[in-house]
Amino acid sequence: MRKELGLAPHDPLDPRDLANHLDVAIVDASDLVDLAELEELERLQAFAFSAATFDIEGRKIVVVNPLRTTGRQNSDIAHELAHVLLAHDLSEIREIDGMPFRTCKPEEEEEATAFGGTLLLPRPLLLSAARRRASIEQIASQYDVTVEMARFRYNTTGVASQAVAR
Ligand SMILES: [Zn+2]
């Protein structure tokens, strides 16, 4: 994907550019419903809705919640694009406050989260960051991801010990 986008392994990847490349539309939820309704849903159940993918006449549309930080939106979009790239079937129905949402199987959710994080923060990128002794917070702000995502990828890839070992 990075090669197709002309990005080096250590370059930041804007998931909106990747979406465009994959011909997936990104739509802000406040373009579809009132922002006040999104705020009401958030009040009823925080983080109930972050992003969702719809297949409309063969075109994938990812709807994102504008109440999230850009770092969180980037994670959410990368997660949804991971589902698309892995050709997951959006089949299971889950209800939140009486509203049906289509969702994937739990193991596919884990795959999408892992692959989405890898798209944003691949191992070579993290290794170069570890070698210049960037902190988790610095990685998060430089690559516009959440601190949680930066920490998760930094720790699970084990780049810190590799950077020390040389
Ligand atoms: Zn998912």
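Two residues are in contact here if their C-beta atoms, placed from the backbone, lie within 7 Å. The model is predicted, so local features need pLDDT of at least 70 and side-chain atom pairs count only at pLDDT 80 or more, while totals for chains, interfaces and linings use all residues. Residue numbers start from 1 along each chain as its sequence is written.

**How α6 meets α7**

- Ile136, Glu137, Ile139 and Ala140 of α6 are in contact with Val147, Ala150, Arg151 and Tyr154 of α7.
- Those contact residues comprise six nonpolar (Ala, Val, Leu, Ile, Met, Phe, Trp, Tyr, Cys or Pro), no polar (Gly and the others) and two charged (Asp, Glu, Lys or Arg).
- Helix α6 spans residues 136–143 and helix α7 residues 147–157, and the two pack at about 115° with axes 8 Å apart.
- Helices are DSSP runs of H or I with at least four residues, numbered from the N terminus.
- Axes are lines fitted to C-alpha atoms over the stretch in contact, and angles run from 0 to 180 degrees between N-to-C directions.

**Along α7**

- Met149, Ala150, Arg153 and Tyr154 are buried in α7 (20 or more other C-beta atoms within 10 Å of their own; 12 or fewer is exposed, in between partly exposed).
- They lie on the same side of α7 because they cover an arc of only 125° around the axis, taken from the directions from the helix axis to the C-beta atoms.
- Glu148, also in α7, is partly exposed because 13 other C-beta atoms lie within 10 Å.

**After α7**

- Gly158 follows α7 and has a positive phi, near 65°.
- Glu148 and Val159 are 11 residues apart in sequence and 16 Å apart in space, C-alpha to C-alpha.
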